Amino acid sequence: MKINIPTPLRAYTGGQQSVSVPGATVGEALEALTCAYPDLRQHLYSAEGKLRSFVNLYLNDDDIRYLPQKEATPVEESDELSIIPSIAGGCRCYL
Amino acid sequence: MLHLTYSDYSALRTHGEETYPHECCGVLLGNSQPDGNHVRQIVRAGNTRTDSAHNRYNIAPEELIRIQRQARKQGLDIVGFYHSHPDCPAQWSQTDFAEAHWVGCSYVITRVDQGKAAVTNSFLLTGTSEEDKKFLDEPVEIEVRKSATELEQEKGKA
């Protein structure tokens, strides 16, 4: 399947916008990705091995956190997985 | 250095005036080059923080994926983001820093005073990880040339 790599993580995939990896589930595809590009792992997962809270993973248009099988969701060759770090912030001060 | 056209610069500031007293937000599309991020197009995004829109912003990942798909078709990348600080300095806040994860991207902030755009600053997120990331003041070069949006509009009229 194809995994879309966001701009800040392309330094760890040789500059590639997307990479093709084998795998029957989302989890297997991610494992294949981090095996092929080991430097990516620390940017996706915490030291405890949990997906970092600001990293969003979308299987096509679905957030995998809300898929019933989550990372065990089966995937097909034509599926696309997108890694999207969150965008947020804001000013706290008041006049 | 961040390079953007005067029309895109004006458009992101106008966005902040339109959403005042709430924060606006959007995405900068373009290309990263050795001399900095070059913006070719800006895309407005919705602020999902309706619970606290006067001092918070969040772009839905679904919207970001749509914007990224559109960008790729045009040969563009996400090179930064913009948002406004209603009645607050055009400086990054602790919240901005904690929530910044796109290393190499430009974060543009416009102060909007009583509905009028004031100072606009840009900050480049640098570093190699969450642990050593930092914001650097980033000079902004305003280019006097037509943006991709304007060229598209002209093509449509022709």
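Two strands pair if DSSP finds at least two bridges between them, and strands here are DSSP runs (E, at least two residues; helices are H or I, at least four), numbered from the N terminus.

A quick word on the model. It is predicted, so to speak of a local feature takes pLDDT of at least 70 and side-chain atom pairs count only at pLDDT 80 or more, while totals for chains, interfaces and linings use all residues. Residues are numbered from 1 along each chain as its sequence is written, with chains lettered from A and ligands numbered from 1 in the order in which they are written. The scores are ipTM 0.89 and pTM 0.91.

Chain A has 2 helices and 6 strands, in the order β-β-α-α-β-β-β-β along the sequence. Its C-alpha trace spans about 55 × 30 × 25 Å along the principal axes.

Now back to the contact (C-beta atoms, placed from the backbone, within 7 Å). Chain A puts in 22 residues and chain B 30. On the chain A side, α2 (41-44), β3 (55-59), β5 (80-85) and β6 (87-89) each supply at least two residues.

Phe81(B) is worth a look too. Leaving aside neighbours within four places in sequence, its contacts include Ile87(A), Cys25(B) and Tyr107(B).

How values were computed:
Contact = placed C-beta atoms within 7 Å.
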